[in-house]
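Please view the sequence and the structure shown here before reading on.

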Number of protein chains: 6
Amino acid sequence: MRPSGRTPDQARDVKIIRHFTSHAEGSVLVCFGNTQVICTATVEKGVPRWLNGKGQGWITAEYGMLPRSTHSRNAREATRGKQGGRTLEIQRLIGRSLRSVVDLNKLGEFTITLDCDVIQADGGTRTASITGACVALVDALRHLQLNKQIKTDPFRQFISSVSVGIYKGVPVLDLDYPEDSGCETDMNVVMTEAGQFIEVQGTAEGQPFSRDEMNAMLELAEKGCRELIELQKQALEQP
Amino acid sequence: MRPSGRTPDQARDVKIIRHFTSHAEGSVLVCFGNTQVICTATVEKGVPRWLNGKGQGWITAEYGMLPRSTHSRNAREATRGKQGGRTLEIQRLIGRSLRSVVDLNKLGEFTITLDCDVIQADGGTRTASITGACVALVDALRHLQLNKQIKTDPFRQFISSVSVGIYKGVPVLDLDYPEDSGCETDMNVVMTEAGQFIEVQGTAEGQPFSRDEMNAMLELAEKGCRELIELQKQALEQP
Amino acid sequence: MRPSGRTPDQARDVKIIRHFTSHAEGSVLVCFGNTQVICTATVEKGVPRWLNGKGQGWITAEYGMLPRSTHSRNAREATRGKQGGRTLEIQRLIGRSLRSVVDLNKLGEFTITLDCDVIQADGGTRTASITGACVALVDALRHLQLNKQIKTDPFRQFISSVSVGIYKGVPVLDLDYPEDSGCETDMNVVMTEAGQFIEVQGTAEGQPFSRDEMNAMLELAEKGCRELIELQKQALEQP
Amino acid sequence: MRPSGRTPDQARDVKIIRHFTSHAEGSVLVCFGNTQVICTATVEKGVPRWLNGKGQGWITAEYGMLPRSTHSRNAREATRGKQGGRTLEIQRLIGRSLRSVVDLNKLGEFTITLDCDVIQADGGTRTASITGACVALVDALRHLQLNKQIKTDPFRQFISSVSVGIYKGVPVLDLDYPEDSGCETDMNVVMTEAGQFIEVQGTAEGQPFSRDEMNAMLELAEKGCRELIELQKQALEQP
Amino acid sequence: MRPSGRTPDQARDVKIIRHFTSHAEGSVLVCFGNTQVICTATVEKGVPRWLNGKGQGWITAEYGMLPRSTHSRNAREATRGKQGGRTLEIQRLIGRSLRSVVDLNKLGEFTITLDCDVIQADGGTRTASITGACVALVDALRHLQLNKQIKTDPFRQFISSVSVGIYKGVPVLDLDYPEDSGCETDMNVVMTEAGQFIEVQGTAEGQPFSRDEMNAMLELAEKGCRELIELQKQALEQP
Amino acid sequence: MRPSGRTPDQARDVKIIRHFTSHAEGSVLVCFGNTQVICTATVEKGVPRWLNGKGQGWITAEYGMLPRSTHSRNAREATRGKQGGRTLEIQRLIGRSLRSVVDLNKLGEFTITLDCDVIQADGGTRTASITGACVALVDALRHLQLNKQIKTDPFRQFISSVSVGIYKGVPVLDLDYPEDSGCETDMNVVMTEAGQFIEVQGTAEGQPFSRDEMNAMLELAEKGCRELIELQKQALEQP
């Protein structure tokens with residue numbers, strides 16, 4: 001039924017490759033099937049002006065797509081002179097999600113910027129970004145601890161993210177591009193390792209969805225997020 | 001328990017005043033308590049370029065806040081030279097929601113723009129905007145029918161929107177500003193008169209929320225949206 | 001002769017409603033006939049950088065129109081990414097006019113921003129803005145005195161503003177939109193309660209005007225401004 | 001009494017040099033004392049989109065200052081990414097003034113752009129710009145007639161512009177920078193050769209001005225503009 | 001002598017990986033040592049407006065760096081709202097270079113856009129970009145021929161690019177970042193397979209260079225470019 | 001053979017007029033034939049933020065063209081909202097070149113900005129700008145010494161700049177516009193009075209150039225630059 005031949009509750013193959021580029025304190029290539037995102041975590045001293053002197057840190061995120069990461073070329077946002085609404089929406093989501101798993105007081109006056117740059121897109125770029133950025137973030141926090149720049153670990157718990165939706169009437173997990181562009185409803189879920197929700201964003205693209213459909217989708221999301229957190233932990237066990 | 005003295009499942013007083021300004025095809029002042037939004041619907045011939053020749057119409061939305069609609073003054077977006085991420089996110093939500101209740105083929109090659117301008121803010125500006133814009137939209141569609149510019153009514157069904165959240169551990173309906181800025185979780189819900197979901201956007205500002213909390217919030221949202229649709233219909237029965 | 005049936009020296013009905021919105025230190029809805037403008041005065045500590053340490057305050061103004069305040073919709077300036085020339089010209093005029101009636105040394109290091117937002121336009125939005133903003137400014141200055149933030153009243157005198165013009169060869173007072181778009185000459189005048197001029201801006205849209213016509217227009221403007229100052233004072237006598 | 005030693009009704013030495021640069025259809029260097037402005041008139045086929053098919057032409061203007069035309073350096077507007085409010089205000093004034101002396105129907109579907117670029121500023125740049133641009137415009141219209149691109153002369157009459165003001169209590173003609181920055185009132189006047197007004201823009205920088213002061217200023221302006229038109233005509237009699 | 005231990009005339013290890021991402025008509029990862037650039041070639045129907053109807057095609061390029069491709073994070077150009085001068089300079093160079101090796105008349109009304117996005121920077125990003133983009137361009141041209149969209153091969157000859165410089169008084173080939181930031185003179189050279197020059201851009205960062213030094217650098221550049229063209233050809237022999 | 005009738009190694013007539021405008025510390029009109037550029041040098045206290053506290057100064061440049069300095073009118077960059085790639089490239093070149101001849105430590109914490117504004121263009125605007133800006137810079141440095149703001153002369157040596165190219169197969173010196181737009185290769189060279197190179201930027205517009213052609217061009221450039229430095233020195237000997 002699914003274009004990819006997957007079963008409804010089957011996520012795509014996931015790869016999480018750490019130390020993908022060399023300069024960043026955390027650098028991860030995350031692949032959800034053919035979707036590939038480079039997630040880097042940059043540690044900088046200091047905080048935005050409005051946090052000055054409060055003794056706490058800050059986590060923020062930026063998102064971008066290479067112009068030809070998509071089927072047809074999208075104009076470069078740097079050329080158009082501004083980030084589009086979709087981009088801003090996604091990077092606000094990434095930043096908000098990852099802020100929720102860090103104790104900003106323990107972080108101290110550091111800012112960590114998570115850059116998620118899509119080099120190949122096939123649906124689910126924002127969920128892959130959150131999942132990969134969480135791993136890059138852990139590496140950056142380890143870096144700060146190794147260098148004795150912070151004393152205690154500000155990391156609270158893992159989060160991961162996956163999309164679910166109603167495709168041809170059936171609730172499915174981890175939509176790829178053909179499903180994403182053809183589905184009735186699309187929902188992005190961010191969950192903690194304790195199985196609670198950080199974000200739930202469901203949108204009826206085609207037709208409204210019922211409470212029952214919502215429940216079915218949330219169940220799939222829980223399964224998907226649990227599997228992803230397993231993979232994040234495995235990746236971080238590598239040296 | 002609530003700063004306003006309301007019970008957990010009690011929404012604020014709502015006013016929906018049609019024909020609020022004189023030039024627009026639909027013009028509504030909507031008040032959710034102290035939150036006041038002017039929602040106008042503008043009908044223009046033609047569609048965006050990418051829809052040319054497809055014989056269908058388009059619905060879009062823009063959102064803004066007067067600089068001193070808030071407790072302290074916010075810089076005017078026209079002065080800063082761009083709309084912020086929050087603004088873009090909200091106007092994309094309004095546009096998407098209202099597009100879902102109009103049969104764009106029946107609308108024909110017209111564009112309807114919903115401008116939602118907040119003149120006083122006290123929490124829930126996006127939910128008030130959607131609720132008011134739906135009424136302005138109906139007036140604009142009636143205008144098109146009265147002028148014989150379209151033959152059949154493209155309107156599918158009413159939608160309304162309300163916020164719910166977890167405030168001091170208790171699920172509450174229709175958060176005002178003091179609740180909004182202090183709550184653990186905030187969820188905006190857009191529902192149809194048939195009781196189905198168009199949008200569900202839940203965010204854990206403070207701490208993650210459980211499945212049970214989500215269910216409690218959705219129940220409150222259903223109650224709130226049902227009441228709002230009742231008020232929309234009453235307003236539209238006036239001449 | 002006039003489309004509205006008014007006599008040449010007859011201004012439109014004027015309403016000045018204070019405390020129109022709740023957050024601003026001064027908030028006025030001013031109506032010149034169908035022209036409606038929300039004027040808020042915001043008090044903020046501090047002054048622009050180039051005034052730092054001079055011990056004086058600053059008054060500035062911003063102007064905007066809701067997209068559908070006009071007969072056909074105007075693109076939102078926040079969306080276009082900049083304020084247009086007409087907007088900048090008007091807000092510079094409002095700011096300059098109101099600066100002239102405040103003793104900036106007595107104000108001390110506070111900035112007062114006057115936001116004039118047109119919600120319905122029918123000619124004369126800039127003159128209504130100045131007239132309404134003057135009332136909002138007085139409320140803001142009263143607020144500063146009540147809170148003991150300043151000791152003496154920096155307000156020098158009232159100003160009001162009205163348009164005059166040559167319409168079908170006849171000098172007329174307070175042009176509405178049909179007159180404004182059809183007149184030969186249009187002049188905006190800002191006057192003090194002592195009957196002197198702050199600004200005179202006359203433009204021959206159609207054909208040049210003579211010295212005699214100028215004199216006739218200035219006489220009408222004096223009458224109109226005098227009446228407006230009476231109404232400003234009445235409004236401010238309300239509690 | 002005047003810093004320059006001039007009598008109150010004495011304008012500065014004026015130079016109007018045609019054919020100042022070689023590419024433009026009209027190119028004039030105009031000097032009001034130390035104020036120097038290059039005014040070029042460019043003829044282009046076609047009109048702005050909103051005039052398409054109406055068979056009439058268009059006149060528009062742009063204004064700029066070289067960064068170091070002033071006492072201290074002003075940031076280049078191209079670098080700041082936008083034209084400031086003062087610039088927009090001035091170029092709107094120049095364009096409006098010169099449009100008023102051309103029969104746009106006789107011009108046909110041509111656009112003439114007047115670029116006024118200040119290379120040295122000492123007060124009165126906008127009045128010098130209008131005065132010089134009028135001469136460049138005549139040259140451009142002659143060019144169109146010589147090339148048989150238009151049949152009849154669209155030029156209606158000469159205009160010139162000069163500033164007047166109240167300096168140390170005395171009405172004076174043609175303010176230079178030291179007067180301009182120290183005066184109580186500043187008025188820019190644009191007049192036709194028939195002695196009528198196109199624009200009158202008076203601003204009380206310091207203190208309000210009376211009707212009598214206004215009359216005294218207008219008299220000076222009439223004298224100044226008459227003299228300038230004489231010089232424009234002399235310049236245009238050169239081959 | 002060189003920080004990397006290379007001999008003066010030794011280039012870094014080069015990798016050219018085709019089909020690096022899946023959507024683009026040409027997609028190459030090029031590595032000059034630790035410098036890694038993704039070069040994609042996108043084919044689109046149509047040409048820029050100013051080429052309409054001339055029957056020829058167009059080649060253009062855009063360049064970007066991921067924010068953390070560098071030692072410390074650079075602000076994202078999309079966030080800053082414009083491309084910087086260095087970026088524009090580089091992408092103009094890439095576009096100009098590759099335009100010179102394509103017969104635009106044979107290309108017909110297609111536009112090929114070369115996007116060069118640096119994912120890891122260690123000096124020489126512009127020379128790597130040109131070298132990699134040339135391979136991506138060949139793949140895109142092959143794609144057009146395979147699909148019978150063009151009949152004859154518009155490709156004239158290979159080009160490659162390398163940097164040379166004077167480092168600690170010695171002419172060296174292919175500067176890495178430590179050399180680039182410490183050298184006296186830096187020169188980027190683009191050459192054809194016939195051994196002629198397309199671009200020579202030499203800059204004395206520290207102290208002026210002599211004619212002899214220039215000759216020594218050009219000799220190294222010839223060697224480097226020849227080797228690179230060999231590698232481009234090898235890469236393109238793979239299926 | 002050359003459109004102007006010049007011999008291949010003959011530069012255009014050059015004029016260097018100092019004190020061209022009155023406000024700047026250095027102000028030069030430089031003419032290379034019909035190319036005319038106003039170069040001003042502005043001295044300001046302070047340095048860019050990233051140089052704060054290092055005790056050294058800074059030299060920077062900006063470049064612009066009056067809209068009708070060219071054959072057909074170019075849109076004003078201030079109106080378009082940004083400087084184009086060509087402009088940025090040229091002003092970076094001017095700034096870099098002049099920085100190379102000043103000992104920034106001796107300059108102390110002053111910034112000198114060189115504004116090069118083209119009032120008439122006929123090819124070679126960037127080379128004329130560098131040549132003229134060098135003279136304006138010397139005047140500005142003399143000004144600083146006269147006012148005892150610096151103790152020792154930071155000027156190292158003269159630089160000048162000229163273009164060379166291959167036009168109809170023949171190497172020529174100092175291309176004017178007809179040559180520039182029709183040549184095969186165009187090279188801009190910046191040289192010191194000691195006969196060494198600061199910048200060499202050669203571009204094959206039409207067809208690649210050989211090593212021999214490059215040598216022939218460099219020889220012409222040396223001759224041209226030597227002559228220009230002679231003229232710079234003569235101009236600076238005037239009082």
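How many salt bridges does a search of the whole structure find over all chains? The search returns 118 salt bridges. The model is predicted.

**Interface of chain B and chain C: extent**

- The contact draws 36 residues from chain B and 36 residues from chain C.
- Between them, the two chains bury about 2800 Å², and carbon and sulfur atoms account for 48% of this area.
- Of the area that chain B buries against chain C, 27% comes from His23(B), Arg68(B) and Arg73(B), more than from any other three residues.

- Twelve salt bridges are found across the interface of chain B and chain C.
- One of the salt bridges joins the side chains of Arg73(B) and Glu62(C), with an N to O distance of 3.1 Å.
- Arg73(B) is also one of the three residues named above for their share of the area that chain B buries against chain C.
- A salt bridge also links the side chains of Arg76(B) and Asp115(C), at 2.7 Å from N to O.
- This pair crosses between chains: Arg76(B) lies in the loop between β4 and α1 of chain B, and Asp115(C) lies in strand β5 (residues 110-120) of chain C.
- Between chain B and chain C, 24 residue pairs are in polar contact, with both residues at pLDDT 80 or more.
- On the side of chain B that touches chain C, at least two residues come from each of β3 (35-45), β4 (58-65), α1 (77-80) and β5 (110-120) of chain B.
- By class, that side of chain B comprises twelve nonpolar, 14 polar and ten charged residues.

**Helix packing in chain C**

- Helix α4 (residues 125-146) of chain C packs with helix α6 (residues 211-237) of chain C at an angle of about 35°, and the axes are 10 Å apart.
- The crossing of α4(C) and α6(C) is right-handed.
- Thr131(C), Cys134(C), Val135(C), Val138(C), Asp139(C) and Arg142(C) of α4(C) make this contact with Leu228(C), Gln232(C) and Leu236(C) of α6(C).
- The contact of α4(C) with α6(C) has five nonpolar, two polar and two charged residues.

**Helix packing in chain D**

- Helix α2 (residues 85-99) and helix α4 (residues 125-146) of chain D cross at roughly 40°, and their axes come within 10 Å.
- The crossing of α2(D) and α4(D) is right-handed.
- The residues of α2(D) that meet α4(D) include Arg86(D), Glu89(D), Ile90(D) and Leu93(D), while those on the α4(D) side include Thr125(D), Arg126(D), Ser129(D) and Ile130(D).
- Eight nonpolar, three polar and three charged residues make up the contact of α2(D) with α4(D).

**Helix packing in chain F**

- In chain F, the axes of helix α2 (residues 85-99) and helix α4 (residues 125-146) come within 10 Å and cross at roughly 40°.
- The crossing of α2(F) and α4(F) is right-handed.
- Among the residues making this contact are Ile94(F), Ser97(F) and Leu98(F) of α2(F) and Ala133(F), Cys134(F) and Leu137(F) of α4(F).
- By class, the contact of α2(F) with α4(F) divides into eight nonpolar, three polar and three charged residues.

Methods. Residues numbered from 1 in each chain as written. Chains lettered and ligands numbered in written order. Predicted model: local features only at pLDDT ≥ 70, side-chain atom pairs only at ≥ 80, totals over all residues. Heavy atoms only, no water. Contact = heavy atoms within 4.5 Å. Buried area = accessible area lost by both parts, 1.4 Å probe. Salt bridge = Lys/Arg side-chain N within 4 Å of Asp/Glu carboxyl O. Polar contact = N/O pair within 3.5 Å; in protein donor to acceptor, adjacent residues only side chain to side chain. Helix = DSSP H or I, 4+ residues; strand = E, 2+ residues; numbered from the N terminus. Nonpolar A, V, L, I, M, F, W, Y, C, P; charged D, E, K, R; others polar. Axes fitted to C-alpha atoms, helices over the stretch in contact; angles between N-to-C directions. Left-handed = near helix turned anticlockwise from the far one by under 90°.
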